[in-house]
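Please look at the sequence and the model below before reading the points.

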Amino acid sequence: MLNHLSIRGIMFDMDNTVLRSSIDFPGMKQGVYSYLQEHRLLPDSISWTSCTSSQLIELAREYGSGEEQWLPGVWKVVTEYEQAGMKGAGLEPGVREVLAELHGRYPLVILTNNAYSAAMTALVETGVESYFDHVIGREQMIRLKPAPDGVRYVHKLYPQIPPEEWLFIGDSWIDGKAAQAGGSQFLSYCGDNAELKSNDVPVIGCISRMDELFDYL
């Protein structure tokens, strides 16, 4: 029997955690890299294949002159992949039932690197938007996951809940890294254990079905 944690709020990643989408993340990364290279915003020596799209954008911010007129262009590239990948997106198995049971018991928040409008469209279309108290998209963050900006943004919305009493559930190491840096706990959903380990991401557990979340609450 697992020891129950002191959890007072729950954050969810969206893609492949709440929603089963088909965003071409490798293609997105290639598109972001090509755009940034074309605009001379990355050093030639960068090992870009080991980066995420969000990390490439942060590297461009660090490498650039400080002015970011290029950002709308790179977001356009990202948005095209998001919109294509979320067409006809459904829910991960059991998510609706789990959210219905959690609703009203905990603050529930979506924290996604996607644009807020794209996230809301997908959540409305799948009929689960009403379960969430807040939807946090990239517009609310200075830096995207794996940076902790989004996690800290959520903490500020609920100053009465200590960071360590938030649980973040996601499928990717970048979710876990954001939770770790923000001082919250991370539960891996259908994640890659080798990837979590190679990125030094601490987890409280790994689940393959969303209803297994209740073992940690």
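1. The largest pocket of this predicted model holds about 710 Å³ of space. Here a pocket is an open set of points, on a 1 Å grid over the protein atoms alone, where a 1.4 Å probe fits and protein lies on both sides within 12 Å along at least five of seven lines. The points are joined across faces, edges and corners, and the volume is the space filled by probe spheres set on them.

2. The lining of the largest pocket consists of 31 residues (each with an atom within 4 Å of a point), and F25, T52, S53, S172 and I174 lie nearest the centre. Two or more lining residues come from each of α1 (25–38), α2 (53–63), α3 (71–86) and α7 (173–182). The largest contribution, 4 residues, is that of α1. By class, the lining has 10 nonpolar, 11 polar and 10 charged residues; Ala, Val, Leu, Ile, Met, Phe, Trp, Tyr, Cys and Pro count as nonpolar, Asp, Glu, Lys and Arg as charged, and the others, Gly among them, as polar.

3. The protein has 8 helices and 8 strands. These are DSSP runs numbered from the N terminus: helices are H or I with at least four residues, and strands are E with at least two.

4. Six strands form an open sheet with parallel pairing, in the order β5-β4-β1-β6-β7-β8. Two strands pair if DSSP finds at least two bridges between them. The edge strands, β5 (134–136) and β8 (205–207), each pair on one side only. From one strand to the next, the twist averages 25 degrees. Within this sheet, β1 (residues 9–12) and β6 (residues 166–170) are joined by 4 bridges, and F12 has I169 of β6 as its bridge partner.

5. Helix α6 (residues 149–157) packs on the sheet and touches β1, β4 (108–111), β5 and β6, where contact means heavy atoms within 4.5 Å. The direction of α6 makes about 155 degrees with that of β5. Axes are lines fitted to C-alpha atoms, for helices over the stretch in contact, and angles run from 0 to 180 degrees between N-to-C directions.

6. Two backbone details deserve attention. The K145 to P146 peptide bond is cis, with omega near 20 degrees, and P146 belongs to the loop between β5 and α6. R40, in the loop between α1 and α2, has a positive phi of about 55 degrees although it is not a glycine.

7. Residues are numbered from 1 along each chain as its sequence is written. Local features need pLDDT of at least 70, side-chain atom pairs count only at pLDDT 80 or more, totals for chains, interfaces and linings use all residues, and side-chain values use heavy atoms, with hydrogens and water left out.
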